[in-house]
Amino acid sequence: MDFPSSLPPSLFMTGPLGLSDVPDVSFMCSWRDALTLPESPPQASENGAPHLAKGLLWEPDTPGPLPLLPPGPDPWDPGLTARDLLFRGGYHFRRQPRAVLDVTEQLSQFLWDHGDIAFAPLGKLMLENFKLEGAQALYFLIHFCPWAYLSYRQRRFSILGGPVLATSLARLLGELLHEELAARWEQLLLDDAFTGGALAWVPGRMPGAGQLVYPAGGALDRLSRGPDFQKVSLTPGSEPRVLGDPGHIQLRGPVRQVVTRTVQGEGKAHRHLRPLLTDLLPDHNPDLLCPSALLAVRSDYHCALWKVGKPGQPAPLQVLQVEKGATGISLSPHLPGELTVCSRSGAVCLWNPQDGPSPPHGWPVSPRLRQVYKDPETLVFRDPSPWRWADFTAHPRVLTVGDRTGVKLVDTQGPPGCGLLLFRGGAEASCQKGERVLLTQYLGDCSPESLQPTFHLVCTQFSLYLVDERLPLVPLLKWNHGLSSTPVVAQLLPPPRPGCPRPLLLAGQAGELQLLHITGEGASTPRLAGPPQSLPSRSNSLSAFPLLEPKSQWRLQERLSAPTIGLAATVLPSASTPVLSLFQLSAAGDVFHQRLHLQADPRPDSPAPTASWTPRATSRCSRWLKTLLEVPLTPPMWAAPTFSHRRLLGSFESREVEGKVPEGLRTAMAEGRLLQHRDLGLLPTREQPPAPEPGPEDELSERLEAAWEGQVAAWWERRQGGSSGPGKQPKRHKRRTQLSSTFSSLSGRLDLSDATSPPRSPDRTVPEARPQPPVTPPSQELTQGPWAEGIPSERQQTLRDYMAELPLQGDTPGGASAPSSQTSSIRGTSSRQQTLRDCTVKLQLRGDTAGGASMPSSQTSSVRATLSRQQAAILSGSQPLRKKPRMGF
Amino acid sequence: MSDFSEELVRPTTEDEQGETCVLSGTGMCFPWLQKHIETVGKTLVATGGKREKDFAQTTSACLSFIQEALLKHQWQQAAEYMHSYLQILEDSDSNKRQGAPEIIWRLGSEILYYHPKSSLETFNTFADRMKNIGVMNYLKISLQHALYLLHHGLLEDANRNLSQAETWRYGEKSSSKEVLINLIQAYKGLLQYYTWSKKKMELSQLDEDDYAYNTASQNMLNHSWKTSINLCALIQIPGVWDPFVKSYVEMLEFYGDQDGAREVLTNYAYDEKFPSNPNAHIYLYGFLKRERAPREKLISVLKLSIEKNMILHRKKEEHHKLGLEVLFGVLDFAGCTKNITAWKYLAKYLRQTLMGSHLAWVQEEWNSRKNWWPRFHFSYFWAKSDWKDDKTLACEKALVAGILLGKGCRYFRYVKKQDHQVLQKKIKQMKKSVKKYSIVNPGL
């Protein structure tokens, strides 16, 4: 335990968080951390570049983690999101955005949905307060259905009770509701339940074999278990193999944290783990030769300890009930089976569940549960959070006790309450305003040879600090992690190779993973070796899954981005390149696995090779997805009553509305915009559009008729000779260019140049209603010339094809009848609406296929085309109905 | 107060987070709150400041691209994004515009530090430009630039840089600026110390009667005078200044200013405003030892170390109690469990103390440890592993275990049973000692 002979310079300022007068001397970039002062005068040499492992990089084998086990049979619901709680209306852009909780909309909906809840309990609640003579009457009154007729008496009561009930009740209820919502919102912003992580890796006897322990089931209340926990075999060259099907231990509450510690130091790969429990077993127990582990589990109100032996079943040792709620549990790296348990009440207990009857030597047995610290107040400044954390230190009798404001070293043998602050949320660590401790961890529990056993990790929402318990209050390393969610788990791994820096993994709740390389051998200060690295998260795996229809795709996406609640990693030393095996547990209960290998020859000039999906990986994902989609969706907690107005509106929407006036009015109403003349179809200065001239459509029907009769060739001949005349035979490609020039001229006229690309334009600007020219002003008639001149049928086919490809624009009819207003409406349509329409088209496609089959099939158009056409007909209510039969349906 | 100091004092992370940091009702700040709000806001049409909003969103997206590329070690890509990010200097929001240079410097220097194609020249150009764009960051950037040069072995360039920064003045005086200037001066002093110690080396190779000796020593004296001026200002400010204190004291000692050196070291070790730095005590101890200070004084300086025990040992009886205390204390720590010196001394001390029939001293120490030392030090597993790794250690530990726990102790029994040619005599001796002194059954 040598202390670094020279510490990096740092300013020491006492004071509160975000103290304004401190220049930040602890530089937070990774390279500046590498620049610790040279011990001796540096030699001025040409190649005096810092001896820094520049290319230290763990390369993922696949672009993202892969599911290790099939998804559980229970449906998973992502729960409350910010969208559900925040105020949506009047979003103004501000530099300092504010979260405003909203209840109005939700509450009114709730009252609509739950009339029973809204009205009945009020009466029941108040009943107790009415021990008057007329209590019986009141009872009846209150139990009256609110929608029944009102008697005279009741009316009078309404008038009387209105002011009283309305104000005081609203205040009371409002307070309660606000409290609840605020609590939910706080929880959404910061969920500390899973701090420490709920996934653990119990190494087996052979390196690369082990068991995963994690909660499963919809409520995360089953600890995976068989005769053993989920056994996994890892080989450096291939994917992990899952052995056997684990059973489970059913618990009575959700598992929040799982901690393990190997009891035996027999396995060669895990020699760094300190032996535990050996003294508690009789001498020469055969079990001693097999690695066994202790397994501590924290639930909301219970903590439990198991012993996982190799041959037998996991044996429960003891369960502890924590009345106020447990916030953290940790297992001692020094003494077998000693634990610390923290409670929301601010108490920290040392727990020795295994102290059974006195051992042979007659050592005095310490009480099983001993409170070593209690303070309902926080350490440095006042913070409302009851979160507490405790861990061990290099001295087995000294614990760290942490809360949101700092971390304290507490001597369990000293007088209660005494101790020394190890980390202070304040100017000492140049903390910024609003910074809070979210995770603390003792890092000294593995191999003592590469890093001092006195280091502690402290994570806040901004930074990561490394503190040496011999130099309290002055962090030796500070790094801005930049995670966009709460840091949940941190794990320091043994060095992959002797002399290599040690990887430190940090996982954020949103699934982000970061890997830092920490070096600091012997008497040198710990520092970052090379720039930190981000590892692929579960949402990076989306590309490995086959493309799905939107609803399932969304479900998959949601599942992949479920919060991370556990992380376990193990380094497999292999001859050529060390392999890092990484397991992640999500709140949906999925275990994902990722393999990384240390870049063999780090050459900064070569671009980092990008991993790609192997066919095996994608097939594994497909299988997983198939199982996932078989899992039924969460049944809704309640079904909204059918008298919801929105639903009624919805059913109206699908119905075809006749006539332009109600259609326009209805859209205006639905969109809540100003009613305009064109909505009503009132064009006072213009005459009603005359019936379209017998134009191309007639040709089409003629052609169709001919086709039905099998004389299309003759019809063609006739037509060639008739209308076109010799020498005027148009060529197809020429027509196309003509068409596209039309689009460009059209788009130019409509000022659509920014919004439309050529293939998109036809559906916006060239509806089939086009051949109704009289409405267009004379100037436009010039550009529309080609249309009026009888479009050949093939061209229509091209158009139809376009339309089949693209959904129809909603406001086409408006454009057809009054093109001057078209510009603004088209430009105003956002892409969101576009996609929406895409969806409707697709959905309608599915729904109407049966209907489509019954239609007389036409050779000229596909079902898609018909449908879009049909839709167009629906949307353009002003179109003469007789057009439809002409189109063949 | 000038905006300079306001700029300096702003916590840097806040700048990097942009405006994503919002205080909640509990006073806590959530960098991810913005994301939540955006998910709601996105579905709505923004009602005001559309252009500003768009630009803010684009810049924050660009920033996250850069950060992502950095975390993936894609330096080339990060550089490309950085190129676009410079647009933020044109932001209409003055707050952002002011914070921008610092972000650009932090990210840009990181990219240039790791980029395979970046060179010293590129870095220098970038640093010089950034110093003048963010005038507010002049001192900070200068200091970091100097450190960069120092690590590339360019001492002279670093020195020039620091000198420039030292004389730089802008706006009103503020304490934060003063600290930075002190730091810059101290680093400059350190550079001067490097040359000084080089000269000292040269001097030691010269003959005292040589003519050159005089000029050289005169030269050195000049240097040290300048250096001490530079160093002494900073080390008055509370902080961890190990390299500065060390070099300052070395120079003071060289010129015979023992009192000055002692004062500096005592202040560094005992001033309450300073953090409790073990090195401060080690330096003071080293100084006192060089000065041949009385042992009592040395003992008082050392808190917990084996060296302390070695001094104590020489003082015989009267310090045995303190020695035991120190040894037990040292062996409490997880990092010292295999320290053979400590175990050797403990075994020796226990024997001597018990020989001198001071059983109470041993019991005093042992009482607080008897319920956990057996599991911590003397488990069956440790017996096996210690014996395998270091037999001498195992023997010393077995002796201590035997004395403290009696001969029934598992550790003792395990070592006792081992048959070893070389250590046979030692094990025999150990058995005898345990029989004689064990505190568990003193009657036997």
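**Aromatic pairs.** I searched the whole structure, a predicted model, and got 32 aromatic pairs over all chains. My rule takes the rings of Phe, Tyr and Trp (its six-membered ring) and pairs them if their centres lie within 6.5 Å; planes under 30 degrees apart count as stacked, over 60 as edge-to-face and the rest as tilted.

I looked at B:Trp105 and B:Phe123 and found an edge-to-face pair, with 6.0 Å centre to centre and 70 degrees between the planes. This pair links distant parts of the chain, 18 residues apart: B:Trp105 sits in helix H6 (residues 94–114) of chain B and B:Phe123 in helix H7 (residues 120–133) of chain B. Helices here are DSSP runs of H or I with at least four residues, strands are E runs of at least two, and both are numbered from the N terminus. B:Trp105 and B:Phe123 are both buried. For me buried means under 20% relative accessible area, exposed means over 50%, and partly exposed is in between (1.4 Å probe, protein chains only).

Next I checked B:Trp196 and B:Tyr255. Their ring centres are 6.3 Å apart and the planes make 55 degrees, so I logged the pair as tilted. It also links distant parts of the chain, 59 residues apart, with B:Trp196 in helix H10 (residues 175–205) of chain B and B:Tyr255 in the loop between helix H12 (242–254) and H13 of chain B. B:Trp196 is buried at a relative accessible area of 0%, whereas B:Tyr255 comes out at 32% and counts as partly exposed.

I also noted a cluster linked by ring pairs: B:Trp75, B:Trp105, B:Tyr113, B:Tyr114, B:Phe123, B:Phe126 and B:Tyr148.

**Bookkeeping.** Residues count from 1 along each chain as its sequence is written, chains are lettered from A and ligands numbered from 1 in the order written. Since this is a prediction, local features need pLDDT of at least 70 and side-chain atom pairs count only at pLDDT 80 or more, while totals for chains, interfaces and linings use all residues; side-chain values use heavy atoms, with hydrogens and water left out.

I then looked for its partners, where pairing takes at least two DSSP bridges between two strands. Strand S16 (residues 339–343) of chain A pairs with S17(A) in the antiparallel sense over four bridges, and A:Val341 has A:Cys349 as its bridge partner. S16(A) and S17(A) make a hairpin with three residues between them, and A:Gly346 in the turn has a positive phi of about 100 degrees. S17(A) also runs antiparallel to strand S18 (residues 369–374) of chain A, joined by five bridges. There A:Trp351 stands opposite A:Leu369.

**A four-strand sheet.** I found an open sheet in chain A with the order S23-S24-S25-S26 and antiparallel pairing. Strand S23 (437–442) and strand S26 (477–480) are the edges, each pairing on one side only. The twist averages 15 degrees from one strand to the next. Inside the sheet, S24 (residues 455–460) and S25 (residues 463–468) pair over five bridges, with A:His456 opposite A:Val467.

**Cysteines.** How many disulfides are there over all chains? Zero, taking a disulfide as a pair of cysteine sulfur atoms within 2.5 Å. I checked A:Cys342: the closest cysteine sulfur is in A:Cys349, 8.7 Å away, too far for a bond. A:Cys342 is buried at a relative accessible area of 0%, and B:Cys62 is buried at 11%.

**Chain A totals.** I count 23 helices and 34 strands in chain A, and 49% of its 889 residues are buried.

**Confidence.** The model scores ipTM 0.87 and pTM 0.73. Chain B averages a pLDDT (the predictor's confidence in each residue, from 0 to 100) of 79, and 86% of the residues score at least 70. In chain B the lowest confidence is in helix H1 (residues 3–9), at a mean of 35, and the highest in helix H13 (residues 258–270), at 90.

Methods. Axes fitted to C-alpha atoms, helices over the stretch in contact; angles between N-to-C directions.
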